[in-house]
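Good morning, and thank you for coming. Please look at the display before we proceed.

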Amino acid sequence: MAATFDFSPTSVTALAQVDVTRALLEDVGEADLTAGLVDPALRACATVVARESAVICGAPWVEVAFRQMDPTAELVWHFAEGQRCEADQVVLEVHGQARALLTAERTALNFLQLLSAVATKTSLFVQAVREVPGARTRIVDTRKTLPGLRLAQKYAVHMGGGLNHRLGLYDAVLIKENHIAAAGGVKTVLARAAELAPQAKFIEIEVETLEQLHEALDAGATMILLDNMGLMQLHEAVRINAGRAALEVSGGVNLSSVCAIASTGVDRISIGALTKNVKAVDFSMRVCRAWHESSRVQVPVPGL
């Protein structure tokens, strides 16, 4: 599935099923001992509230989590995937078996808070570069993802308006300084990479100096990663390149520096922090109504 992943609804649902099955097994094990205290005949309605502004992301994972525990669960989203909500707004209503809702709650919220955080952070960078006059720069993710959740996080980047870099080591070539040193130089390693062209989505080479940039361009590079260069170097790199190769910037990019980098005229800015340094969005779930399945008699919910 990973090598041809396209973020279509079918692919995303299949991915969510795999991720959620693993997460529920980790959390529930053989039984949810605490939920066992609740009457099995009880049904409930619960709301999920955002405690801060966020771009909503992760609905397929949330839906799978609740429906794996209760196939009859009904979910009503108040915000579409990729839409921004504000603090204290209800983003979701869930109706289903009370035990199932309580068991699925943490797994569902874990995915929602993580993926919404990635989408929200990505959208901040995307919006920032859009406001740079004349800039055509796109925000790109990296392989600095949580193990086992790479595709989910890359989906969240996509929902936040960013681009996905290679999915893994298998679908594209990114030649870094250690590859250059081990292979015997820029020209040699690019020649070897050309042999892989039919099976690689793209071939990119990292350079750390303007001299290496010249060498890569002379060797026919069509995609070049400018690593940890200052603004003056980036301006000069764009001038030297003169549109011959797609230029990507990486290294230490933050919201304070991204606009200045975009203004140099580079094509892409890759940011590991989109998926690596993520502060989860705060969501909470509260049961608002409960009733017995057979009698429909309301059960008091403390605090309501």
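Let me begin with how the elements are named: helices are DSSP runs of H or I with at least four residues, strands are DSSP runs of E with at least two, and both are numbered from the N terminus. Please keep in mind that this is a predicted model.

With that naming in hand, please find helix α4, residues 150–159. Seven of its ten residues are buried, so the helix is largely enclosed by the rest of the structure. The cut-off for buried here is under 20% relative accessible area. The buried residues are Leu-151, Ala-152, Gln-153, Lys-154, Tyr-155, Ala-156 and Val-157. Against which helices do the buried residues of α4 pack? The answer is α1 (9–28), α2 (59–69) and α3. Just after α4 comes Gly-161, whose phi is positive, at about 100°.

Thr-275 sits in the loop that runs between β11 (268–270) and β12 (283–292). Is Thr-275 buried or exposed? With a relative accessible area of 1%, Thr-275 is buried. A polar atom of its side chain lies 2.7 Å from the backbone oxygen of Lys-144.

Lys-144 also brings us to the largest pocket, as one of the residues nearest the pocket's centre, together with Thr-142, Lys-176, Ser-250 and Ser-270. The space in this pocket is about 450 Å³, and 23 residues line it. Of the lining residues, five are nonpolar, nine polar and nine charged. Strands β9 (223–227) and β10 (246–250) each contribute at least two residues to the lining.

I turn now to the nonpolar interior. In soluble globular proteins, nonpolar side chains tend to be buried together. Here, the largest nonpolar core has 95 residues, and among those with the most contacts inside it are Trp-61, Phe-66 and Ile-224. Helix α3 (residues 98–130) provides the largest share of this core, with 16 residues. Ile-224 touches, among others, Ile-205, Leu-213 and Leu-247.

Phe-7, in the segment before α1, has a phi near 60° and counts as buried at 15% relative accessibility. Asp-88, in the loop between β4 (84–85) and β5 (90–97), has a phi of about 70° and counts as exposed at 56%.

Key. Residues are numbered from 1 along each chain as its sequence is written. This is a predicted model: local features need pLDDT of at least 70, side-chain atom pairs count only at pLDDT 80 or more; totals for chains, interfaces and linings use all residues. Side-chain values use heavy atoms; hydrogens and water are left out. A nonpolar core is a set of buried Ala, Val, Leu, Ile, Met, Phe, Trp, Tyr and Cys residues joined through side-chain atoms within 4.5 Å. Buried means under 20% relative accessible area, exposed over 50%, partly exposed in between (1.4 Å probe, protein chains only). Contact means heavy atoms within 4.5 Å. A polar contact is a pair of N or O atoms within 3.5 Å; within protein, one must be able to donate a hydrogen and the other to accept it, and residues adjacent in sequence count only if both atoms are side-chain atoms. On a 1 Å grid over the protein atoms alone, a cavity is a set of points where a 1.4 Å probe fits but cannot get out, and a pocket is an open set with protein on both sides within 12 Å along at least five of seven lines; lining residues have an atom within 4 Å of a point. Grid points are joined across faces, edges and corners, and a volume is the space filled by probe spheres set on the points. Ala, Val, Leu, Ile, Met, Phe, Trp, Tyr, Cys and Pro count as nonpolar, Asp, Glu, Lys and Arg as charged, and the others, Gly among them, as polar. Lists of a residue's contacts leave out its neighbours within four places in sequence.
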